[in-house]
Each structure stands twice: as C-alpha cells, then as structure tokens.
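Work through the exercises below with the structure in view. Each task is followed by a solution in steps.

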Amino acid sequence: MSYIGNTPAENYASFLTETFSVSATANYTLSHAVSNENDIRLVINNVVQQPGSGKAYTASGTTLTLTSATASGDVMYAVYLGRALQTVNPPNASVGNSQTAPTIITGQTAETSIATDDTILIHDTSASALRKMTRANFVSGIGGANTPAFQVLLSSAQTIPNTTDTKVTVSHELFDTDNAFASNRFTVPSGKGGSYLFNFGVQPDAWSFGRFIIYMYKNNSKYAYVEMADDDNSPSNNRSLNSSTYMQLSDGDYIEMYVYQNNGSAQTIRGATNEILTYFGGHRLIT
C-alpha cells in the first residue's frame, strides 16, 4: 500500500478483540475495563450494535449490559476501540539499527557496580542468538577474584621441641579476605573449593641443627614439605627456609603449618608483627 508522506509508525498495531461464550442472558463481564460503552464496538450475529442508554448495550468498568438477552446460539464479540495500540510481534529480522534510538544504551545511567543476580547480555555464537547471563554465572565462566586470600605472621618467638612436629602459631593476620583463617588454620569456605597456591617460610634463631623441616598439613596429615640440612652442624645464623606449593582443595579442607628440628634440645623460631620472618599465606587460583 502506498502512502503520501511518512509511513505510519504503528505498522504492527491491532485492535484487541474479545469473543464471548453466549448464553441466554443480558449481563456479561469484559476482560478489560472501559470508561463507557463507546470504548467498545459490540457485534452480535455479524450485526454492529448501537451503544448507549436505551439502545443495544451499555458498559462501565468490566460490566457489559445488553438491552435484550442473547440466545444460546448467538455469536457475539467486542472490539476494544480504546486499546488500538496493542502491538503484535513484527516479522523476524525486520528491526534494524535505523529503527532504534542512538541513545538506547548511551542514554542510560552508567552502573558503577554490578550485583550477583544482575544480568549481562552476551551473544551465543553456536546458536547465533542473544542470551542473558547473571553476573554470578558470568564470573564463574571466565574466572574471578583470587579469593579467599590471606597472609599471617608469627608475632613473636616460638619454642620448637626436639624431634617433634610442632604447629606454628601464626596468629597475626595481615589480611584475610574471607575470614577463613582462625586458630592457626586456613579452612576452605563453602563454595570456594578449587586450586590454591600457598607460600610459607620460617626463620630459625641462631642454632645448630642436623635437619630442619617445614610441613604443610592438609586435614591433619602431611601433604608437602621443604627441608634444610646442615651437614657440618654449624650455627644457622638466622637463615630462612621458605617455599610454596599448589593444592587442589574442596570445601571444608583445612591447611596448617608445622615445623620439625632435631638439634637435640628445644630451639626457637623467630617472629614479629612488623617483619616478615615466619609467615604463612595463600590464595585461590582463577581457573
């Protein structure tokens, strides 16, 4: 169909029509409220009825009242004239860039943060379709923050008995993102299982030793260790022993640091809150 001037904007506009289940009554209920009978066109048996008091029908709200009752075999429908701009779906691929406003995105308020249940628009290449995904699922799909993460120190010197695995009391926290370190132990929080990297180091006081070992315990069992041996049994002169290890952990797994020495008597390891002398730290890896 040709037009003079611009094509009408409501290309897909349609009037809402309601068909009634007819019975022998003059009273019906509309699905949509109207101001009065002039908001609808009523058709009975293909004959348009005249609206108004004393004529074929009146309407107010959702109440439709006929002057004469219909018969059970009648066919009756109403066209809602006041709902003419209800739209139907346009044909596939009929909306392009020229039909959308340039400010559809740039005109919106910029977000400075995103909640876990907010949705992100993505393009599914396998289905050639736009999809939405929650921020939580989006982050789990591409990685996320290296948390939980923590770093703790031995705050003062600790005595280590001879030939005994002794837990190191690293209780001074520099940071603990998920409050997962307590009582000299790191515990994997719920939902935070995965690959972890731990780093640890101990500085003995100046004493001679045959063997000095740092153990990483996982769930109260030895998992990894690093050892320093002094074959000539000379003083350690505050030498440090440190290392790191990867672990695959599940929710609720816990990690602790132990040390062992066989000097022949109890010895001490150094600690301070303002120096990195004896320490234990770690974080979850983005995978």
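A salt bridge is a side-chain nitrogen of Lys or Arg within 4 Å of a carboxyl oxygen of Asp or Glu. The model used here is predicted: local features need pLDDT of at least 70, side-chain atom pairs count only at pLDDT 80 or more, and totals for chains, interfaces and linings use all residues. Residues are numbered from 1 along each chain as its sequence is written, and side-chain values use heavy atoms, with hydrogens and water left out.

**Exercise 1. Salt bridges**

Find the distance, N to O, in the salt bridge of Asp124 and Arg131, and state how exposed each residue is.

Step 1. The structure holds 7 salt bridges. In one of them the side chains of Asp124 and Arg131 meet at 3.4 Å, N to O.

Step 2. Asp124 has a relative accessible area of 22%, so Asp124 is partly exposed. Arg131, at 39%, is partly exposed too.

Step 3. As background, side chains of opposite charge can pair when their charged atoms come close.

**Exercise 2. A side chain beside a backbone**

Is Gln261 buried or exposed, and which backbone nitrogen lies 2.6 Å from a polar atom of its side chain?

Step 1. Locate Gln261 in strand E21 (residues 254-261).

Step 2. The relative accessible area of Gln261 is 0%, so Gln261 is buried.

Step 3. The backbone nitrogen is that of Asn263.

**Exercise 3. Strand pairing**

What is the strand order in the open sheet of 4 strands, and which strands are at the edges?

Step 1. Two strands pair if DSSP finds at least two bridges between them.

Step 2. The order is E2-E7-E4-E5, with antiparallel pairing. The edge strands, each pairing on one side only, are E2 (16-19) and E5 (47-48).

Step 3. Strand E7 (residues 76-80) is joined to E2 by 4 bridges. Glu18 has Ala78 in E7 as its bridge partner.

Step 4. Now turn to E23 (residues 279-284), which is antiparallel to strand E11 (residues 149-153) with 5 bridges. Phe150 stands opposite Gly282 there. Strand E17 (residues 194-202) also pairs with E23 in the antiparallel sense, over 6 bridges, and Gly201 has Tyr279 as its bridge partner.

**Exercise 4. A hairpin**

How many bridges join E18 to E19, and how many residues lie between the strands of their hairpin?

Step 1. Strand E18 (residues 211-218) and strand E19 (residues 221-229) run antiparallel and are joined by 8 bridges. Lys218 stands opposite Ser221.

Step 2. The hairpin has 2 residues between the strands, and Asn219 takes a positive phi near 50°.

**Exercise 5. Confidence**

Where in the chain is confidence lowest, and where is it highest?

Step 1. The chain averages 86, and 86% of the residues score at least 70.

Step 2. Confidence is lowest in strand E8 (residues 86-87), at a mean of 48, and highest in strand E16 (residues 185-187), at 98.

Step 3. Where pLDDT is low, the predicted coordinates should not be read in detail.

Definitions and conventions. pLDDT is the predictor's confidence in each residue, from 0 to 100. Buried means under 20% relative accessible area, exposed over 50%, partly exposed in between (1.4 Å probe, protein chains only). A polar contact is a pair of N or O atoms within 3.5 Å; within protein, one must be able to donate a hydrogen and the other to accept it, and residues adjacent in sequence count only if both atoms are side-chain atoms.
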